[in-house]
Amino acid sequence: MKKFLMPAMLALLLLTSGCEQPPAEPPPVDTKTQPAQTQPDVKPEPKPEVKLEPPKPEPAPEIPKTVSPVVSERTEKSMRVKVYYPDDSGMRLVEVEREIIVNDKTDKYTAAVEALLDEPDEDNLTRIFPKNAAIHSVTVANGTATVDLDGGITKGFVGGSTGEEFLIGSVVDTLTNFPEVTRVKFLVDGQDIETLSGHMDLSTPLERMSSLTE
């Protein structure tokens, strides 16, 4: 009996040992036939836009303020003009040159007439304006020079008809030497007058009195 059991047991052991095989390896994956695994379409997040501000200019260095002295520009100039004085014989008016000063307060017309208030330097000429005479103003517009005399001239004037003619003539001929002046009107203290001392008509402007200089 034992002789039959032993070979049977050996055969059984061999049978069971032959059945224990190593685990089968998985078959290789065919990449050609199997669809590739796709990644989800993920859009990249946009980067925030960074705005670069231009560099701020550096403030200019502060310059200390200096106070400039105020210089008053006063326009003043001298010019030579022709004025007329009566000769000492009372026969005619004589033309002489005088230097006048023109500035912001005195124009050339007023300065020229005021020159007649001074005593002439020439020996053969005489002053015709009374000593207390004064000139308020001389203005020129549209060819007419308007001479405003101080009222004292009527009180101190004693020249008679010849003296009045020479006084008026000296002013008229002096002003009409300026090319822009063609006639002269007379006022006293800003008022129209008909005559200075009752001998000449001064109600209208007078033109150049050339007869007195011939």
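I then looked for its partner and found that the side chain of Lys82 meets that of Glu95 in a salt bridge, at 3.6 Å from N to O. This pair links distant parts of the chain, with Lys82 in strand E1 and Glu95 in strand E2, 13 residues apart. Glu95, at 40% relative accessibility, also went down as partly exposed. I kept in mind throughout that the model is predicted.

I next looked up Arg80, which forms a salt bridge with Glu97, and noted 3.1 Å between the closest N and O atoms. Arg80 belongs to strand E1 (residues 77-86) and Glu97 to strand E2 (residues 93-102), so that this pair, too, links distant parts of the chain, here 17 residues apart. I recorded Arg80 as exposed, because its relative accessibility is 51% and the cut-off for exposed is over 50%. Glu97, with a relative accessible area of 42%, is partly exposed.

I then turned to Lys108 and Glu180, whose side chains meet in a salt bridge at 3.1 Å, N to O. Lys108 lies in helix H2 (residues 108-115), whereas Glu180 sits in the loop between helix H4 (160-175) and strand E5 (183-188), so the pair ties together parts 72 residues apart in sequence. I noted Lys108 as partly exposed at 24% relative accessibility, and Glu180 as partly exposed at 30%.

Finally, I checked the count for the whole structure, where the search finds five salt bridges.

Technical notes:
Residues are numbered from 1 along each chain as its sequence is written. This is a predicted model: local features need pLDDT of at least 70, side-chain atom pairs count only at pLDDT 80 or more; totals for chains, interfaces and linings use all residues. Side-chain values use heavy atoms; hydrogens and water are left out. A salt bridge is a side-chain nitrogen of Lys or Arg within 4 Å of a carboxyl oxygen of Asp or Glu. Helices (H or I, at least four residues) and strands (E, at least two) are DSSP runs, numbered from the N terminus. Buried means under 20% relative accessible area, exposed over 50%, partly exposed in between (1.4 Å probe, protein chains only).
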